[in-house]
Amino acid sequence: EPGTTNHTLTVTSPSGDIRIINIEITRPLSTNAYLDGILINGIPLEEFDPNTLEYDIVLPFYYNKIHVSAVKANENQSITGEGLQILSNNEAEAQLLVISEDKGHNKLYKVHITKEKSTLLQKVTFKELNLTIDLELDKFTYDIELPITTHSLEIETTPYYEGVNITTTGNKYIGETSKQITITSSLEGLEDSIYTFNISFRENP
């Protein structure tokens with residue numbers, strides 16, 4: 001702990017004489033505002049260097065949020081900015097402000113977070129059916145059963161990566177000219193992800 005502490009030592013000589021020694025130890029407040037590390041979801045940031053204040057990390061496409069925390073170099077440092085980071089438009093930025101124990105020094109560490117690009121979809125919702133299908137990462141063909149009275153479907157998609165282009169065909173005039181719905185997710189520079197939904201019909205009870 002900072003401040004002054006007093007310690008008393010009692011020394012006994014071979015002849016039996018006793019001598020008391022008073023020791024005063026003073027520790028000034030630390031000026032250290034550097035971190036010892038940064039944790040991403042509890043895992044140390046490998047390239048961390050106390051003197052490097054900005055970092056860029058890329059997350060897998062299926063991440064929507066991460067937890068960022070700091071490893072103090074001094075237990076009495078004050079740190080703000082730790083916690084959950086929610087990605088918006090495929091990115092986020094964590095700012096860790098470190099204030100030294102003596103309150104006279106500070107460092108601002110920034111972690112720029114971006115998401116890996118992907119055309120994969122997370123889920124598809126058929127609104128009239130009140131049906132949501134959670135899509136598997138490596139499955140692109142699905143079978144769905146519709147009431148025989150269904151003629152069109154309004155479809156909503158949830159992509160992993162915001163900004164993909166979605167094209168839907170076959171969801172109009174169902175049963176007359178189409179028994180298959182195709183959803184294509186595209187993004188410049190990446191291969192399209194094409195999902196096929198084969199339609200069968202059931203009689204109304």
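Residues are numbered from 1 along each chain as its sequence is written, and side-chain values use heavy atoms, with hydrogens and water left out. In this predicted model, local features need pLDDT of at least 70 and side-chain atom pairs count only at pLDDT 80 or more, while totals for chains, interfaces and linings use all residues.

**Exercise 1. Describe the largest pocket and its lining.**

Step 1. A pocket is an open set of points on a 1 Å grid over the protein atoms alone, with protein on both sides within 12 Å along at least five of seven lines; lining residues have an atom within 4 Å of a point.

Step 2. The space in the largest pocket is about 200 Å³, where a volume is the space filled by probe spheres set on the points.

Step 3. The lining consists of I40, N41, I43, P44, L45, I57, V58, L59, P60 and Y63.

Step 4. Strands are DSSP runs of E with at least two residues, numbered from the N terminus. At least two lining residues come from each of β4 (43-44) and β5 (54-59); β5 gives the largest share, three residues.

Step 5. Sorted by class, nine lining residues are nonpolar, one is polar and none is charged. Here Ala, Val, Leu, Ile, Met, Phe, Trp, Tyr, Cys and Pro count as nonpolar, Asp, Glu, Lys and Arg as charged, and the others, Gly among them, as polar.

**Exercise 2. Work out the strand order of the four-strand sheet and of the three-strand sheet.**

Step 1. Two strands pair if DSSP finds at least two bridges between them.

Step 2. The four-strand sheet is open, has mixed pairing and runs in the order β13-β17-β16-β15. Neighbouring strands are turned by 20° against each other on average, direction ignored; the axes are lines fitted to C-alpha atoms, and angles run from 0 to 180 degrees between N-to-C directions.

Step 3. Within this sheet, β16 (residues 180-186) and β17 (residues 193-202) run antiparallel and are joined by six bridges. S185 has S193 in β17 as its bridge partner.

Step 4. The three-strand sheet is also open, with antiparallel pairing and the order β12-β11-β14. The edge strands β12 and β14 each pair on one side only. From one strand to the next, the twist averages 15°.

Step 5. Four bridges join the antiparallel strands β11 and β12, and V124 stands opposite I133 in β12.

**Exercise 3. Classify T184, T149, K103 and N130 as buried, partly exposed or exposed.**

Step 1. Buried means under 20% relative accessible area, exposed over 50%, and partly exposed in between (1.4 Å probe, protein chains only).

Step 2. T184 lies in strand β16. Because its relative accessible area is 19%, T184 is buried. Beyond its neighbours within four places in sequence, T184 is in contact (heavy atoms within 4.5 Å) with N165, I166, T167, D192, S193 and I194.

Step 3. T149 sits in the loop between β13 and β14 (155-159). Its relative accessibility is 48%, so T149 counts as partly exposed. T149 and R202 are 53 residues apart in sequence, and their C-alpha atoms are 8.9 Å apart in space.

Step 4. K103 is in the loop between β9 (91-99) and β10 (106-115). With a relative accessible area of 57%, K103 is exposed. Although K103 is not a glycine, its phi is positive, about 65°.

Step 5. N130 belongs to the loop between β11 (121-126) and β12 (131-134). N130 has a relative accessible area of 74% and is therefore exposed. Its phi is near 55°, a positive value in a residue other than glycine.

Note on methods: 1 Å grid on protein atoms, 1.4 Å probe; cavity = no way out; pocket = protein on both sides within 12 Å on 5 of 7 lines; lining within 4 Å.
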